[in-house]
Amino acid sequence: MFEHLVVFKFNTNITPVKQKELLDQLLSFRDRIPGIVDISAGINVTEETENVHGYTLGLRVTFDDLASLRSYGPHPVHQEFVQSLDGILENVIVVDYPKV
């Protein structure tokens, strides 16, 4: 299995309503993209405010295998999500690793 971690930093144009829409869109991946074993996502509520650096939305996806992880990026559902970030995303951090 492989883990895919993403944290999103949005610009000031994003509204709380839009951020919730993005969260719901991410959570819908489970039933729409093959190879996903588990998924969780949420709005950052950490009390470690000195470490937030503007990142407000987190995502974790567990995939069956490396092939599933690799097919996720170009999948049309994922690409639709990526396009919805146009004009509101300031930065993103991605980490992929084999689950041990």
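Which residues are buried in α4?

1. This is a predicted model, in which local features need pLDDT of at least 70 and side-chain atom pairs count only at pLDDT 80 or more, while totals for chains, interfaces and linings use all residues. Residues are numbered from 1 along each chain as its sequence is written, and side-chain values use heavy atoms, with hydrogens and water left out.

2. In α4, the buried residues are Val77, His78 and Phe81, where buried means under 20% relative accessible area, exposed over 50% and partly exposed in between, with a 1.4 Å probe and protein chains only. They cover an arc of only 100° around the axis, which puts them on the same side of α4; the arc is that of the directions from the helix axis to the C-beta atoms. Pro76 and Gln83 are exposed on the face of α4 turned away from its buried side.

3. The buried residues of α4 pack against β1, α1, α2 and α3 (66-72). Helices (H or I, at least four residues) and strands (E, at least two) are DSSP runs, numbered from the N terminus.

4. Helix α1 (residues 16-27) has buried residues of its own, namely Gln19, Leu22, Leu23, Gln25 and Leu26. They cover an arc of only 160° around the axis, which puts them on the same side of α1. Their packing partners are β1 (2-10), α2 (29-32), β2 (36-43), β3 (55-63) and α4 (76-84).

5. Leu89, in strand β4 (residues 89-98), is partly exposed, with a relative accessible area of 29%. Leaving aside neighbours within four places in sequence, Leu89 is in contact with Phe8, Lys9, Phe10 and Asn11, contact meaning heavy atoms within 4.5 Å.
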